[in-house]
Protein chains: 4
Amino acid sequence: MTSQQPGQLITPPPLSILQWLNTDTEIHLADLRGRVVLLEAFQMLCPGCVSHGLPQAQSVHETFSNQDIVVLGIHTVFEHHSAMTPVSLAAFLFEYKITFPVGVDEKTEHAIPKTMAAYQMQGTPSTVLIDRQGYLRLQHFGRIPDLQLGFHLATLLAENNPHVADVNSQNGEPSQSDCDENGCVIP
Amino acid sequence: MTSQQPGQLITPPPLSILQWLNTDTEIHLADLRGRVVLLEAFQMLCPGCVSHGLPQAQSVHETFSNQDIVVLGIHTVFEHHSAMTPVSLAAFLFEYKITFPVGVDEKTEHAIPKTMAAYQMQGTPSTVLIDRQGYLRLQHFGRIPDLQLGFHLATLLAENNPHVADVNSQNGEPSQSDCDENGCVIP
Amino acid sequence: MTSQQPGQLITPPPLSILQWLNTDTEIHLADLRGRVVLLEAFQMLCPGCVSHGLPQAQSVHETFSNQDIVVLGIHTVFEHHSAMTPVSLAAFLFEYKITFPVGVDEKTEHAIPKTMAAYQMQGTPSTVLIDRQGYLRLQHFGRIPDLQLGFHLATLLAENNPHVADVNSQNGEPSQSDCDENGCVIP
Amino acid sequence: MTSQQPGQLITPPPLSILQWLNTDTEIHLADLRGRVVLLEAFQMLCPGCVSHGLPQAQSVHETFSNQDIVVLGIHTVFEHHSAMTPVSLAAFLFEYKITFPVGVDEKTEHAIPKTMAAYQMQGTPSTVLIDRQGYLRLQHFGRIPDLQLGFHLATLLAENNPHVADVNSQNGEPSQSDCDENGCVIP
């Protein structure tokens, strides 16, 4: 995991996107200044993306306000190109109930698409965090534990904070019946 | 989940502990000023505590520096008192590899022990977060998603921060062999 | 779950397969007489197939001898046809490490392909068990617990048994270090 | 895993039980002739017993008829004796919703209790299968995959079968709403 301190001022490369899904408008990083951005680079036929990378990104999308944290998927196909076309991707996003915007990374002459190459990603899933000022603060290939991702997101949200970010606690309510899978209630 | 803003200045009740395990010295909240404290109230025979409350607290204990976040367990037995004695608790902590300090909550005339009653907890597991200044900032009964707990911890650590807190990224490293359960590596 | 007794003598419809993957030769049910056959009907973009139907079929394929139980996948696409072409399927099987033979169900004028229609399946995943004599004995849509599937397989293997079927116990060996996730060893 | 063929005729040692829980009457193996018996040896503070051995035994108890398969727990404490008394065990069985009969293995002068020693078990959890004629057919320390356990149970039930054993399919029904975690329904 590469975690950057603010002083390093690394500006992330722009996104090179052929086509956006789950959104009607093109998305540019420059327009998201003031908010924290989570980029989730994935391939639809990457088992680790399906089992944890995408569910985690979807969970961030559902837990936090879009005014605080913007989640964007990037479909960075670097193998089996003919198997993962935008048509297949659209069906995949529908069936797996992924609702955040996803951009199709621009093909190049090489196997590795343009955005993926510009960020020098090692593979999929890769998670990138960009701070409110637009600087790249974390880039990680593979699984990030939820505890650590939540920590990083709050750290970035606490910087230059125009308002108090709020975490949605709707998933954290216990059930109320004696001892169950959540815990034991005082009778 | 009850999440407090700093302005409310709720001072948590002191801990009433009969006996500490996993530590040679008594622990008092007042001595932990300057650090964030996570209290995990549990019962050793509470399935939800065993399956998620205690593993989550242990994960916080292992992920963050003890100089930033102090994790304390409180064995708040409110049922089956004769089944969950300190002798049984000690064996339980050993077998389940719980390494943070655990205090045995003081018995009272009623079923509910003293610390649990003072905090007005609803049951087990209950998680309490105390900020660097010693104020109670969150008290929650039942499961807190890791993503949200990580967020809350970072929010409290970012306040009155004498140094930059650091998250231990050692668990986040991917394996490096093509596509596996973690993801797909660029060849 | 529809479980048939031997007396009912239901002969399953033949498979209508456009193309086989993971095998060099065409497979016909009639050639498998004497062995128990498990048919796993799936779609590559069906989340329940990816999370449990296919891993379960793969587990049967790896646990039992191919001389006792033959596992065959049928790619029964009834939605998003253009997203789940044989090219995509081949990449999917490779990435998800599915090694048993998979046949592409024959397209029809309707959404539902030919084999799926002939078996009157309700959806994917669907599991079909065929006995040694070639009769259909179980057809189930949705999740079958492993405990029950293992039970059904052994029941069919015990009938007209030319030799003693053998279950591969290689996954059942415990680790040998005191108490760990598998259990506690006598010192 | 030690799996015995019928010809070996190994008679299991009798159970030496101090006290039975979850039953009003003493249980003797000799009285269970004609049925298949699953013995689950466990300790209440053994993490592997709690996470998989006991849930698996409970699942067998709930899935099959008691007239076909009898599930018995044996509390074989070989460490932390004072932490796992019958009082603690009773609370444990209640909280973890274990409903099959459990016998407390008889203490000896040594750490290892009498039944555990007689069966020469390696540790906990250990699973023992006894056939309809009363012979020991499988003894295994550690995790047995559900697929294999279901297979073994059916194999033993198919022998000397006075009636057709029936697996309870109630847990295998799919939900009926389009694509969900169980699968995709034909619209």
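How many residues does the contact take from chain A and from chain D? I counted four residues from chain A and four residues from chain D, with contact meaning heavy atoms within 4.5 Å.

**Ground rules.** I am working with a predicted model, where local features need pLDDT of at least 70, side-chain atom pairs count only at pLDDT 80 or more, and totals for chains, interfaces and linings use all residues. Residues are numbered from 1 along each chain as its sequence is written, chains are lettered from A and ligands numbered from 1 in the order in which they are written, and side-chain values use heavy atoms, with hydrogens and water left out.

**Chains A and D.** I looked up the buried area (accessible area, 1.4 Å probe, lost on putting two parts together, summed over both). Chain A and chain D bury about 310 Å² between them, 38% of it on carbon and sulfur atoms. On the chain A side, Glu95(A), Lys97(A) and Cys179(A) lose the most area to chain D, together 83% of what that side buries. By class, the side of chain A that touches chain D has two nonpolar, no polar and two charged residues; here Ala, Val, Leu, Ile, Met, Phe, Trp, Tyr, Cys and Pro count as nonpolar, Asp, Glu, Lys and Arg as charged, the others, Gly among them, as polar. I also checked for salt bridges (side-chain nitrogen of Lys or Arg within 4 Å of a carboxyl oxygen of Asp or Glu), and the count between chain A and chain D is zero.
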